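Could you look over this structure with me? I have jotted down some points to follow as you turn the model on your screen.

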Amino acid sequence: MLRQLLLLGLVPPLLAGCAGTPVVKALHNPLYRAENHTSTITVRATEPRDGIAEIRINAVVGELTACPTGVFSFPSLIPCRTSAMSVGAVCNFANVKTEVSCSLPIAITPRRLVTYSATARSGRNITSSAPAITYAGGAPLTQATVRLPFATITQPWETARPIIWRTDTPSLATDRGDKIDWGLVPDADMPTYRAFTDDLQPMVLALFYTDTNSFSQWTRFWRGLFNVWAGPAGADGEGCSRSFGGAASTVSAVFDGTQILHRNDFRDCASISLGGGSGTVQTNLGDATWVMLHEAGHFLFGLGDEYDGGGNASISTPKNVFPTKAACESASTSNSLPIAQCQQIGSTGTWRNDDGLATTMEDRTLTSDWRTLAGRAMSTRISRCASGACY
Ligand SMILES: [Zn+2]
């Protein structure tokens, strides 16, 4: 019940941890890389009253495959795992009351799929766990087997590559309906695939973990609702046109929205969508992570631009942009917002509820957040995820 209330945002986050219960956080680094490398899973735990006595990391490492298929059915785009092996680490501490950490290095060779979870135990034997995360590493799957009635053939095939896939169990048997699957793919202008994975790392880290500005507060608080995926090359963005070719096209079909990461200087843009949309983000901007989230406001959450010169239309619930003042006032009343805040967006003839503070669909500043009707629309999405169907 507490979890449900937390998901609905009805309980302040401080109540989530009880006195004496360890707070435990786990993340791997680098988040995703297609070359062989050493991946380090680091778990940090704190419990200031009784101290931390132990951190345990359990990981399952195996080969990433397309799932076994029946006759005439295609291989899967969400990966499966074979040849799974368990590895782990246990770190013991003398009931240390400040933050302690424990690491597990994993050698990443081609087509690795790793699931890890972690548990911390306090000096008073109270344990708590970090939820399981699955991620891929190493060169991807490039072909898969298709069984036909009288033959078995291999054909070119790629799966989505999880960067942060919130799996409840090592079996990967997780319903993704209660998660927002955010796909990232390289633009044709990325010099290499490695450049793409290097560029996504600080953006994903900031957006969900490390940034301290108000624009990212929402994604940091609700990060448990997001799966983040990498897809193969084949996409190309330029201005407001976006194309998806080859494996980038097939793989993107399993994402709730796909963002093309580019380095060339062109203005970012996105579809206004609720499922299956796409957008771009220029990774070498000083505020690239803010732009990443603003564009996601369009292609993952159906929000419109609240500034003059943008895409002033919305399909979110409630909408955040309206064709008439009356429609803005009606939605404002329904959502307990002052109708006096309904303002025209420049001279566009479209309207939004504006409380005068920086809002992420209007104001390009790190101090923005989701406000007024855009904030209500984000809460609607969370409620839908909590009921098992984000989209
Ligand atoms: Zn926009």
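Predicted model: local features only at pLDDT ≥ 70, side-chain atom pairs only at ≥ 80, totals over all residues.

1. Residues are numbered from 1 along each chain as its sequence is written.

2. Start with the open sheet, where three strands line up in the order S1-S2-S5 with antiparallel pairing. Its edge strands are S1 and S5, each pairing on one side only, and the twist averages 15 degrees from one strand to the next. Strands are DSSP runs (E, at least two residues) and helices are too (H or I, at least four), numbered from the N terminus. Two strands pair if DSSP finds at least two bridges between them. Angles run from 0 to 180 degrees between the N-to-C directions of axes, which are lines fitted to C-alpha atoms.

3. Now zoom in on the bridges. Seven of them join S1 (residues 23–29) to S2 (residues 37–46); Val23 has Thr46 as its bridge partner in S2, and Leu27 has Thr42. On to S5 (residues 100–108): nine bridges tie S2 to S5, with Cys102 as the bridge partner of Val43.

4. Which residues touch the most other members of the largest nonpolar core? They are Ala26, Val43, Ile55, Ile57, Tyr116, Ala118 and Ile163, in a core of 91 residues. Strand S3 (residues 52–66) gives the largest share, nine residues. A nonpolar core is a set of buried Ala, Val, Leu, Ile, Met, Phe, Trp, Tyr and Cys residues joined through C-beta atoms within 7 Å. A residue is buried if 20 or more other C-beta atoms lie within 10 Å of its own, with C-beta atoms placed from the backbone.

5. Next, find helix H5 (residues 288–299). Eleven of its twelve residues are buried, so H5 is largely enclosed by the rest of the structure. Among the elements covering those buried residues are helix H2 (193–210) and strand S15 (257–262).

6. Finally, helix H7 (residues 372–386) has end C-alpha atoms 21 Å apart, which agrees with the 21 Å that its 15 residues should span; the expected span is 1.5 Å times one less than the number of residues. Its buried residues include Leu373, Met378 and Cys385. After H7 comes Gly388, with a positive phi near 100 degrees.

Conventions:
Contact = placed C-beta atoms within 7 Å.
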